[in-house]
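These are my notebook entries on a predicted model.

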Amino acid sequence: MVAWNSSGANKMQNILVISKDEEMLNVWTTFFREKNYQVICEKNPNEGLQTSRLLTPALIIIDLDLSQSEYLEFCRQIRSTTNGSILVLASKNNESDISNYYQVGADELITKPVNPMAVLIKAITRLARQEWITPRKEVVQMHV
């Protein structure tokens, strides 16, 4: 797990990327940091869940190789930790019932293989819309 100092002096939004794909983690980290976002990467779903609870990120990108039922349960658990946007990257065989992903809290399902720039654009659009519609609070209390 990566620790992050969330002092009020830094107004950068946190983005959590949960993926085992090292190459894509590097790509997204580079893209988002160029746009002045703080990126936290986790390779393990359990550590990703814990980091989400600790940081309440504005955006979570999930790219895991799980069965559909495991993916849905993980999305449900992540949604319980944050009111931020959740983008799920799923293989074609995992998207059979797209509505299930939305029912458990995903904001968007993107089919793999993905264009990293398309993910970046969708993510930044969601972050901008989130700030415009409902400004995030400085402090979010979670009872776990």
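**Entry 1: pairing of S3, S4 and S5.** I looked up S3 and S4 and found them joined by 4 bridges, running parallel. Within this pair, Ile60 has Ile86 of S4 as its bridge partner. I then turned to S4 and S5, which also pair in the parallel sense, over 4 bridges. Here Val88 is placed opposite Leu109 of S5.

**Entry 2: pairing of S1 and S2.** I noted 5 bridges between S1 and S2, and these strands run parallel. Ile15 faces Val39 in S2.

**Entry 3: the whole sheet.** In what order do the strands lie in the sheet? I read the order S2-S1-S3-S4-S5, in an open sheet of 5 strands with parallel pairing. On average, neighbouring strands are turned by 20° against each other, direction ignored.

**Entry 4: helices on the sheet.** I checked which strands the helices cross. Helix H1 (residues 22-34) lies across S1, S2, S3 and S4, and runs at about 165° to S2. H3 lies across S1, S3 and S4, with an angle of about 165° to S3. I also recorded that S3, H3 and S4 form a β-α-β unit, which is right-handed.

**Entry 5: S4.** Is S4 mostly covered or mostly open? I found it mostly covered, with 6 of its 6 residues buried. Ser85, Leu87 and Leu89 point one way from the strand, while Ile86, Val88 and Ala90 point the other way. Buried here means under 20% relative accessible area.

**Entry 6: nonpolar cores.** Which residues have the most contacts inside the largest nonpolar core? I listed Ile62, Ile78, Val88 and Tyr101, in a core of 20 residues. Two or more residues each come from strand S1 (14-19), helix H2 (45-55), strand S3 (59-63), helix H3 (68-79) and strand S4 (85-90). H3 contributes the most to this core, with 5 residues. Apart from this core I found another, of 18 residues, including Val17, Leu25, Val39 and Ile110.

Conventions: Residues numbered from 1 in each chain as written. Predicted model: local features only at pLDDT ≥ 70, side-chain atom pairs only at ≥ 80, totals over all residues. Heavy atoms only, no water. Core = buried A, V, L, I, M, F, W, Y, C linked by side-chain atoms within 4.5 Å. Buried < 20%, exposed > 50% of the residue type's maximum accessible area, 1.4 Å probe, protein only. Pairing = 2+ DSSP bridges. Axes fitted to C-alpha atoms, helices over the stretch in contact; angles between N-to-C directions. Contact = heavy atoms within 4.5 Å. Right-handed = clockwise from strand over helix to strand, strands pointing away.
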